[in-house]
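The following exercises concern the folding of one protein chain.

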Amino acid sequence: TGAMVGGIALFFSLETVDFLQMTYLTLFGFVLAILDTPFLKSVKIVTESRMYVGKYVQFVTRVTGKGVTLVFLGSALFMTMWDNVEGAFMEFLAVVLCLFPTVVGLCAIAIGLLKSSKLDKARRMLETTIDQRYNHFAQTYHGPQGGLTMAEFNAMTMENGGYKFEPLDLKLVFNALVSNPSWRGGPMGNDDWVIPRQDLWEWVKGGIVLL
């Protein structure tokens with residue numbers, strides 16, 4: 001909203017370069033809106049857009065990445081509007097419209113880092129046991145091409161370290177760990193997300209992953 005207001009003001013004041021920057025910020029905000037909108041889930045173009053964003057710009061689908069993006073958008077929008085718009089009302093709009101996404105972004109970064117730290121503690125507990133315990137938990141999708149469902153992943157981290165994740169947190173975890181976007185909705189097209197065995201091994205043997 002702020003980028004659109006600023007963009008219209010800059011367009012009529014013939015500030016071409018800053019208008020292009022506002023257009024860029026508007027498009028970036030539109031991408032975030034597509035990811036977060038609770039509406040139009042059944043619309044094909046919205047579903048496909050989410051899939052492509054998750055595949056090529058996965059950074060903005062994570063809590064930490066979305067927070068960094070919001071801070072960047074809020075800061076860039078404020079600097080552009082403050083330097084180019086005139087009048088007390090427009091300056092007031094610049095503060096109000098830019099402060100909200102910046103604060104939300106900072107909160108998102110803090111929450112993302114806390115959740116990432118919990119996930120990394122669970123990862124370290126699995127480093128020495130994953131080879132022996134994986135087959136015990138992989139009951140739905142067996143074999144080297146199989147994987148763990150959310151319930152199986154939760155049971156494994158709970159037994160090995162006592163780390164339990166809420167349903168919404170599990171979606172954040174799987175969104176970050178699963179490399180193939182099609183598996184984030186379940187390999188059979190259902191809603192039960194699955195983390196493939198290879199992705200699970202790469203995470204356990206790797207380092208911290210930001211949610």
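Buried means under 20% relative accessible area, exposed over 50%, and partly exposed in between, with a 1.4 Å probe and protein chains only. The model is predicted: local features need pLDDT of at least 70, side-chain atom pairs count only at pLDDT 80 or more, and totals for chains, interfaces and linings use all residues. Residues are numbered from 1 along each chain as its sequence is written, and side-chain values use heavy atoms, with hydrogens and water left out.

**Exercise 1. State whether Trp 203 is buried or exposed, and list its contacts beyond four places in sequence.**

Solution. 
Step 1. Trp 203 lies in helix α9.
Step 2. The relative accessible area of Trp 203 is 4%, so this residue is buried.
Step 3. Contact means heavy atoms within 4.5 Å. With neighbours within four places in sequence left aside, Trp 203 is in contact with Leu 119, Arg 123, Leu 126, Phe 153, Leu 177 and Val 209.
Step 4. For Trp 203 and Leu 177, the separation is 26 residues in sequence and 6.9 Å in space, C-alpha to C-alpha.

**Exercise 2. Describe how α6 and α7 pack, and which residues make the contact.**

Solution. 
Step 1. Two packed helices are described by the angle between their axes and the distance between the axes. Axes are lines fitted to C-alpha atoms, for helices over the stretch in contact, and angles run from 0 to 180 degrees between N-to-C directions.
Step 2. The angle between α6 and α7 is about 140 degrees, and their axes are 10 Å apart.
Step 3. Angles under 35 degrees count as roughly parallel, over 145 as roughly antiparallel, 65 to 115 as roughly perpendicular and the rest as oblique. The helices α6 and α7 are therefore oblique to each other.
Step 4. From α6, the contact is made by Ile 130, Arg 133 and Phe 137, and from α7 by Glu 152, Ala 155, Met 156 and Glu 159.
Step 5. The residues of this contact of α6 with α7 divide into four nonpolar, no polar and three charged. Here Ala, Val, Leu, Ile, Met, Phe, Trp, Tyr, Cys and Pro count as nonpolar, Asp, Glu, Lys and Arg as charged, and the others, Gly among them, as polar.

**Exercise 3. Summarise the protein chain: how many helices and strands are there, and what percentage of residues counts as buried?**

Solution. 
Step 1. The protein chain has nine helices and two strands.
Step 2. From the N terminus on, the elements run α-α-α-α-α-α-β-α-α-β-α.
Step 3. Of the 211 residues of the protein chain, 42% count as buried.

Notes: Helices (H or I, at least four residues) and strands (E, at least two) are DSSP runs, numbered from the N terminus.
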